[in-house]
Amino acid sequence: MKFTKMHGCGNDYVYINGMEETVEEGKKPELVRKMSDRHFGIGSDGVIFINASDQADFEMEMWNADGTRGEMCGNGIRCVAKYVYDKGFTDKKEISIISGGQIKYLELEVERGKMSAAKVNMGSPVFAPAEIPVEMPEGAEEAVNVPIEVNGTTYYMTCVSMGNPHAVIFVEDVAGLDLEKIGPLFENHERFPRRINTEFVKVIDKTHVEMRVWERGSGETLACGTGSCATAAACIRNGLTDNAVTVKLLGGELFIEWDQETDLISMTGPAATVYEGVWEIL
């Protein structure tokens, strides 16, 4: 089975052309776990199938490294756009991609016939607890700067859905965090019935923040597109930054802007192809 390894700011996935390759639905979780393994497989944060769609130009079918389904991936969706443009499945520079029932619209930046970056309309941030979901006292309209106790320490979180659930935690130091220890404790905390992606954020100034992320089902990744959008939304909602923010990640930078008039968040960032190969199906 042919595959392509791609990444956006180091958030790497294995991409499979679902329009040409067929994998039985029941076999996908095991295949994803094997492919994602960084010692015995290809190594990735997960696997993304690129499918045909009758609702958008293409469908992104995202799987986390542990074999569970994901709803949305901001870095992944840019790579899908690069894949379909570079390989000639479309010649349009404005395309739509559906993932987890959500349609996103992308504007492609092309250099020498190849897509180098894309601006993605990521939709509106959602703060309603039931829609994230996060457990809150009855009647609470949002989870903004609310306490949560993890491993005996009280943190303050702002929870946002960008089509998938996020908890943004503001800290003084991101580099020194023991993310391998506290990441799983947040991910599987009882207040998050569908688990959670957790962003640990240091505000540098009104237009720059630094972030590390623990993604449910994948662990720490070098970047998270939806997490960067959630981070910007949380920063703006708490009055910590302007409406346009550059998010510095371990694997690069993403530019996030929240248009207050339309209530839409856009994300601009790169996408890169690493290599292509053939997976031996035993």
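Is Glu 30 buried, exposed or partly exposed? With a relative accessible area of 44%, Glu 30 is partly exposed, because that term covers values between buried (under 20% relative accessible area) and exposed (over 50%), computed with a 1.4 Å probe on protein chains only. This is a predicted model, in which local features need pLDDT of at least 70 and side-chain atom pairs count only at pLDDT 80 or more, while totals for chains, interfaces and linings use all residues. Residues are numbered from 1 along each chain as its sequence is written, and side-chain values use heavy atoms, with hydrogens and water left out.

Glu 30 belongs to helix 1, residues 28-36; helices (H or I, at least four residues) are DSSP runs numbered from the N terminus. Between the C-alpha atoms of Glu 30 and Leu 240 there are 43 Å, and the two residues are 210 apart along the chain.

The aromatic rings come next. There are 6 aromatic pairs in the structure. In one of them, Tyr 83 and Phe 89 are stacked, at 6.3 Å centre to centre and with 10 degrees between the planes. Rings of Phe, Tyr and Trp (its six-membered ring) pair if their centres lie within 6.5 Å, and planes under 30 degrees apart count as stacked, over 60 as edge-to-face and the rest as tilted. Tyr 83 is buried at 8% relative accessible area, whereas Phe 89 is partly exposed at 33%. Elsewhere, one aromatic cluster is formed by Tyr 155, Phe 186 and Phe 200.

Tyr 83 also has a charge over its ring: the charged end of Lys 87 sits 5.2 Å from the ring centre. A charge sits over a ring if NZ of Lys or CZ of Arg is within 6 Å of the ring centre and within 35 degrees of the ring normal. Lys 28 likewise lies over the face of Phe 49, 4.6 Å from the ring centre.

Methods: Helices (H or I, at least four residues) and strands (E, at least two) are DSSP runs, numbered from the N terminus.
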